Amino acid sequence: LSSTWLEYPLIVDIDNDGIPELISHIRASNDPTSFLSYLSNQIRIFNINSGKLLKTIRTHYFEGQNYLLADVTGDCIPEVFVVFANWESNPEAVRKRIGCYDLDGNLLWVSDSTYAKNVVYGQYDFGDIIHIADFNQDGI
């Protein structure tokens, strides 16, 4: 396994076997002059020991660091959260919103509010880094 610029891998145990998997995205373009070199529409899950690709989750476009995995349903299986870019290849209904996928790549929901309503980014807005917290301390 190797990593290049604009890649932000995560380490998450997705199957509860005590051995974490390596989670990464793949850039939509390797051309550094293209906006697509900042965007991805795939999250890949690898066996951390062998480097074998276990699964690919196809998503709408997001900037590389704008995703995370967390179990918010309490079933010990993480969901995938993505901050969708304001990009012409994304459907209008998901631009500037947060989406949640299951590990099979099913889009579970899209936020009803958009992010950065009072911020001017320019023509393209790729979002920001997503974080998550358990504010009510219920474990979910």
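Tyr 101 has Leu 107 in β7 as its bridge partner. The strands concerned, β6 and β7, pair in the antiparallel sense over three bridges, in a model that is predicted. They belong to an open sheet of seven strands with the order β1-β2-β3-β4-β5-β6-β7 and antiparallel pairing. Tyr 101 is also one member of an edge-to-face aromatic pair with Phe 84.

**The β6-β7 hairpin**

- β6 and β7 form a hairpin with five residues between them.
- Gly 105 lies in the turn of this hairpin and has a positive phi of about 90°.
- Asp 104, in the loop between β6 (98-101) and β7, is exposed, because its relative accessible area is 63%, over the 50% cut-off.

- Strand β2 (residues 21-27) runs antiparallel to strand β3 (residues 39-47), and six bridges join the two.
- Within this pairing, Leu 22 has Phe 46 in β3 as its bridge partner.
- Strand β5 (residues 79-84) pairs with β6 in the antiparallel sense over four bridges.
- Opposite Phe 81 stands Cys 100 in β6.
- As a general point, strands of a sheet pair through backbone hydrogen bonds, either parallel or antiparallel.

**Aromatic pairs**

- A search of the whole structure finds three aromatic pairs.
- One of these joins Phe 84 and Tyr 101: the ring centres are 6.3 Å apart and the planes lie at 85°, so the pair is edge-to-face.
- The pair links distant parts of the chain, with Phe 84 in strand β5 and Tyr 101 in strand β6, 17 residues apart.

**Nonpolar cores**

- The largest nonpolar core has 15 residues, and those with the most contacts inside it are Ile 23, Ile 43, Leu 69, Val 80 and Val 82.
- Strands β3, β4 and β5 each supply at least two residues of this core.
- The strand that gives the most to the core is β4, with four residues.
- A second, separate core consists of eight residues, including Leu 68, Tyr 115, Ala 116 and Ile 130.

- Ile 23 is found in strand β2 and counts as buried, because its relative accessibility is 0%.
- Ile 23 and Leu 54 are 31 residues apart in sequence, and their C-alpha atoms are 10.0 Å apart in space.

**Salt bridges**

- The structure contains two salt bridges.
- Lys 55 forms a salt bridge with Asp 104, and the closest N and O atoms are 3.7 Å apart.
- This pair links distant parts of the chain: Lys 55 is in strand β4 (residues 53-70), Asp 104 is in the loop between β6 and β7, and the two are 49 residues apart.
- Lys 55 counts as partly exposed, because its relative accessibility is 27%.
- Glu 92 and Arg 95 meet through their side chains in a salt bridge with an N to O distance of 3.0 Å.
- Glu 92 counts as exposed, because its relative accessibility is 58%.
- In general, side chains of opposite charge can pair when their charged atoms come close.

**Backbone angles in loops**

- Most residues other than glycine have a negative phi.
- Asn 16 is not a glycine, yet has a positive phi of about 60°.
- Asn 16 is found in the loop between β1 and β2 and counts as partly exposed, because its relative accessibility is 48%.
- Lys 96, also a residue other than glycine, has a positive phi near 60°.
- Lys 96 is found in the loop between β5 and β6 and counts as buried, because its relative accessibility is 18%, under the 20% cut-off.

Key. Residues numbered from 1 in each chain as written. Predicted model: local features only at pLDDT ≥ 70, side-chain atom pairs only at ≥ 80, totals over all residues. Heavy atoms only, no water. Pairing = 2+ DSSP bridges. Salt bridge = Lys/Arg side-chain N within 4 Å of Asp/Glu carboxyl O. Buried < 20%, exposed > 50% of the residue type's maximum accessible area, 1.4 Å probe, protein only. Core = buried A, V, L, I, M, F, W, Y, C linked by side-chain atoms within 4.5 Å. Phe/Tyr/Trp six-rings, centres within 6.5 Å; stacked < 30°, edge-to-face > 60°.
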